Amino acid sequence: MRPINIHSGIVALLDCNDVDTDAILPKQFMKSISRSGYGVHVFDEWRYLEPGVFGMDCSRRALNPEFELNKPRYEMASVLLSRRNFGCGSSREHAVWGLMEHGFRAIVAETFADIFRTNCIRNGLVPIQLEGAQIAQLVAAVRAKPGYRLEIRLEEQAIRTEDEAPLPFSISLADKNRLLQGQDEITVSLQQRLHIESFERQRQERFPWLFV
């Protein structure tokens, strides 16, 4: 996965609590073992006026003008701002794949569902948790200025805003290092390659009949 340290981007606002994974990527679009093809279906049932099917040409579908993320001001957004309990519901990793393919590199919220947050870390999408009052300040700033940007500095564990002092955030050292180095589960496992190979050799010597 792609490493990330400093990211500056336009902020898109999804001003609601309890955004679940079925809203982020509805179940009917989870029909592929690939990690691609989901970006056009992110928030599909909120985003479009008529139902869709996986793999269709979504460029011809009518957009819902009432859906916040369809507004032109958010067209180039790469940071998503929301409220409490973002990513609740089922554990589908496809939701993270879709958000990233849509163009998001970070999500800022008051709280995240645990499994969703873990899936973010495993795929290089930065989940940033702030206090409710800080989220409220950012919401007001985004609403007040089209094209509002944030700069996320992962190494410093801080967000630099256009009009406020840096906002510090917490993240575990292990998660931070994974994101900084672009390490997914396979990469982390392969760091123990020599131990794995030694174990396999000993296992084959001890139980040779398993390998006949």
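These legends walk through several close-up views of one predicted protein model.

**View 1**
The predicted model has 212 residues, of which 42% are buried. Eight helices and seven strands make up its secondary structure. Taken along the principal axes, the C-alpha atoms fill a box of roughly 70 × 45 × 25 Å. The protein is divided into domain 1, residues 6-181, and domain 2, residues 184-211. Between the C-alpha centres of domain 1 and domain 2 there are 38 Å. The protein exposes about 11600 Å², and carbon and sulfur atoms supply 51% of that area. Now think about contacts between residues at least 6 apart in sequence: 62% of them join residues at least 24 apart.

**View 1**
Strands of a sheet pair through backbone hydrogen bonds, and the pairing can be parallel or antiparallel. For one example, look at E2 (residues 79-81) and E3 (residues 106-109): these two strands run parallel and are joined by three bridges. Which residue of E3 is the bridge partner of Val-79? The partner is Ala-106.

**View 2. The largest nonpolar core, and Phe-116 within it.**
This core holds 51 residues, and those with the most contacts inside it are Phe-43, Leu-80, Phe-86, Leu-99 and Phe-116. Helix H5 (residues 132-144) gives the largest share of the core, five residues. Zoom in on Phe-116 to see its surroundings. Leaving out residues up to four places away in sequence, Phe-116 touches Thr-21, Ile-24, Phe-86, Gly-87, Ala-95, Val-96, Leu-99 and Ile-107.

**View 3. Aromatic rings that pair up.**
A search of the whole structure finds nine aromatic pairs. In one of them, Tyr-38 and Trp-97 sit 6.1 Å centre to centre with 40 degrees between the planes, and the pair is tilted. This pair links distant parts of the chain: Tyr-38 lies in the loop between helix H1 (21-24) and H2, Trp-97 lies in helix H3 (residues 94-102), and 59 residues separate them. Are Tyr-38 and Trp-97 buried or exposed? Both are buried. The rings of Phe-207 and Trp-209 have their centres 5.6 Å apart and their planes at 80 degrees, so this pair is edge-to-face, as the angle is over 60 degrees. Phe-207 is partly exposed, with a relative accessible area of 29%, while Trp-209 counts as exposed at 59%. Returning to Tyr-38 and Trp-97, these two form one aromatic cluster together with Phe-54.

**View 4. Asn-64, a buried residue in a loop.**
Asn-64 is found in the loop between helix H2 (44-47) and E2. Why does Asn-64 count as buried? Its relative accessible area is 19%, and buried means under 20%. Setting aside neighbours within four places in sequence, Asn-64 is in contact with Trp-46, Arg-47, Tyr-48, Leu-49 and Asn-70.

**View 5. Arg-122 and its contacts.**
Arg-122 belongs to helix H4 (residues 114-123). Its relative accessible area is 34%, so Arg-122 is partly exposed. Not counting residues up to four places away in sequence, Arg-122 touches Met-1, Arg-178, Asp-184 and Glu-185. The C-alpha atoms of Arg-122 and Val-96 are separated by 9.6 Å, and these residues are 26 apart along the chain.

**View 6. Helix H6 and what it packs against.**
In H6 (residues 173-181), the residues Asp-175, Lys-176, Arg-178, Leu-179 and Leu-180 are buried. What do the buried residues of H6 pack against? Their packing partners are H4, E4 and helix H7 (185-190).

Conventions: Residues are numbered from 1 along each chain as its sequence is written. This is a predicted model: local features need pLDDT of at least 70, side-chain atom pairs count only at pLDDT 80 or more; totals for chains, interfaces and linings use all residues. Side-chain values use heavy atoms; hydrogens and water are left out. A nonpolar core is a set of buried Ala, Val, Leu, Ile, Met, Phe, Trp, Tyr and Cys residues joined through side-chain atoms within 4.5 Å. Buried means under 20% relative accessible area, exposed over 50%, partly exposed in between (1.4 Å probe, protein chains only). Helices (H or I, at least four residues) and strands (E, at least two) are DSSP runs, numbered from the N terminus. Contact means heavy atoms within 4.5 Å. Domain bounds come from an automatic or database domain assignment. Two strands pair if DSSP finds at least two bridges between them. Accessible areas come from the Shrake-Rupley method with a 1.4 Å probe; for residues, only the protein chains shown count as cover. Rings of Phe, Tyr and Trp (its six-membered ring) pair if their centres lie within 6.5 Å; planes under 30 degrees apart count as stacked, over 60 as edge-to-face and the rest as tilted.
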